[in-house]
Amino acid sequence: MEIKKYLERIQYEGVTEPSYEVLATLQQQHLLHVPFENLDIHNHIKIDLTNLFDKIVTMKRGGFCYELNGLFYKLLKALDFTVKIVSARVFDGTKNYTPEFDHMTLLVKIKDANYLVDVGFGEFSLHPIKLELDKNNTDLRGIFRVEDFDDNYKVVKKMNADGVFMPEYIFSEKERQTEEFYGMCNYHQTDSRSHFMKKRICSLPVNNGRITLTGNTLKITENSKVTERQLNNEDEVQEVLWNYFGIKL
């Protein structure tokens, strides 16, 4: 882990001693500078979870949860944070949750408090979510809360426009190893049932909104105003990737 290069990649300057303030700033900087994207899947390039630094830091690319949270975990470990990888199961919009290892997320302990930290879940919290049950966590990206789901899982929820807390995913606090996610990582890049196989996506939050490329549609949300533009060819797609996300394929 070349810490200096990683911190330059996310444009972080400052102290690195473990604290909530450092963790929150690292998470925010990571989210603002490293896109959530599945471009390799649609370019038929196998995603390699053992070579994440070169892709995300050296090549200035993004990735999906296994890549983004996987590499951020290594950074936090290198900075002496108490952190572990955990498995999460994503809410499918009905009453069901996806299989184990469908999502990788992180738990970080600072003093006597535990925090849910996620830089690989799209439109999610910009800062760590404290694991205090049934208490609202107000974030720049919404209001979140953690509740008990059952004896094995907790659920993280986000308040919707109607003021109702809707599930995002359930997670166990059991520590996991990266290798345990290989099967689902392979599923998401090879199986036609995976939503990552449907359309390419590249998305990045900005201070007042979000910029997202889905398929050939560029969507820009700025101060709650949404504009969309259809891209006509691959040259325009490559131009958008470079101009908005700093990605050159």
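## Basis of the description

Helices (H or I, at least four residues) and strands (E, at least two) are DSSP runs, numbered from the N terminus. The structure is a predicted model, in which local features need pLDDT of at least 70 and side-chain atom pairs count only at pLDDT 80 or more, while totals for chains, interfaces and linings use all residues. Residues are numbered from 1 along each chain as its sequence is written, and side-chain values use heavy atoms, with hydrogens and water left out.

## The largest pocket

The largest pocket holds about 350 Å³ of space, and among its 17 lining residues F36, F121, G122, H195 and F196 are the closest to its centre. Both α5 (65-78) and β10 (201-206) contribute at least two residues each to this lining. By class, the lining of the largest pocket consists of seven nonpolar, seven polar and three charged residues, where Ala, Val, Leu, Ile, Met, Phe, Trp, Tyr, Cys and Pro count as nonpolar, Asp, Glu, Lys and Arg as charged, and the others, Gly among them, as polar.

The terms rest on a 1 Å grid over the protein atoms alone: a pocket is an open set of points with protein on both sides within 12 Å along at least five of seven lines, a cavity is a set of points where a 1.4 Å probe fits but cannot get out, and lining residues have an atom within 4 Å of a point. Grid points are joined across faces, edges and corners, and a volume is the space filled by probe spheres set on the points.

## Enclosed cavities

Two cavities of 30 Å³ or more are found in a search of the whole structure. The largest cavity, with a volume of about 60 Å³, is lined by L31, V34, P35, F36, L68, V119, G120, F121, G122, S203, P205 and R210. Its lining has eight nonpolar, three polar and one charged residues.

The second largest cavity contains about 30 Å³ of space, and its lining is made up of L31, G122, E123, F124, S125, L126, R141, P205 and R210. These residues divide into four nonpolar, two polar and three charged.

## Aromatic contacts

The whole structure contains 13 aromatic pairs, a pair being two rings of Phe, Tyr or Trp (its six-membered ring) with centres within 6.5 Å, counted as stacked when the planes are under 30 degrees apart, edge-to-face when over 60 and tilted for the rest. One of the pairs is formed by Y66 and F181, whose ring centres are 6.0 Å apart and whose planes stand at 55 degrees, so the pair is tilted.

Y97 is buried, at a relative accessible area of 16%, whereas F149 is partly exposed, at 40%.

## Strand β9 and its partners

Six of the seven residues of β9 are buried, which leaves the strand mostly covered. Strand β9 runs antiparallel to β2, to which three bridges join it, and the bridge partner of V90 in β9 is Y169; strands pair if DSSP finds at least two bridges between them. With β8, β9 pairs in the antiparallel sense over six bridges, and K157 has P167 as its bridge partner in β9. The hairpin of β8 and β9 has five residues between the strands, and in this hairpin G163 takes a positive phi near 80 degrees.

The ring of F165 has the charged end of R145 over it, 5.1 Å from its centre (a charge sits over a ring if NZ of Lys or CZ of Arg is within 6 Å of the ring centre and within 35 degrees of the ring normal).

D134 has a positive phi of about 65 degrees although it is not a glycine; D134 lies in the loop between β5 (129-130) and β6 (136-139) and is partly exposed, with a relative accessible area of 47%. S224, likewise not a glycine, has a positive phi of about 70 degrees. The loop between β12 (217-222) and β13 (225-230) holds S224, which is exposed at a relative accessible area of 71%.

Terms used. Buried means under 20% relative accessible area, exposed over 50%, partly exposed in between (1.4 Å probe, protein chains only).
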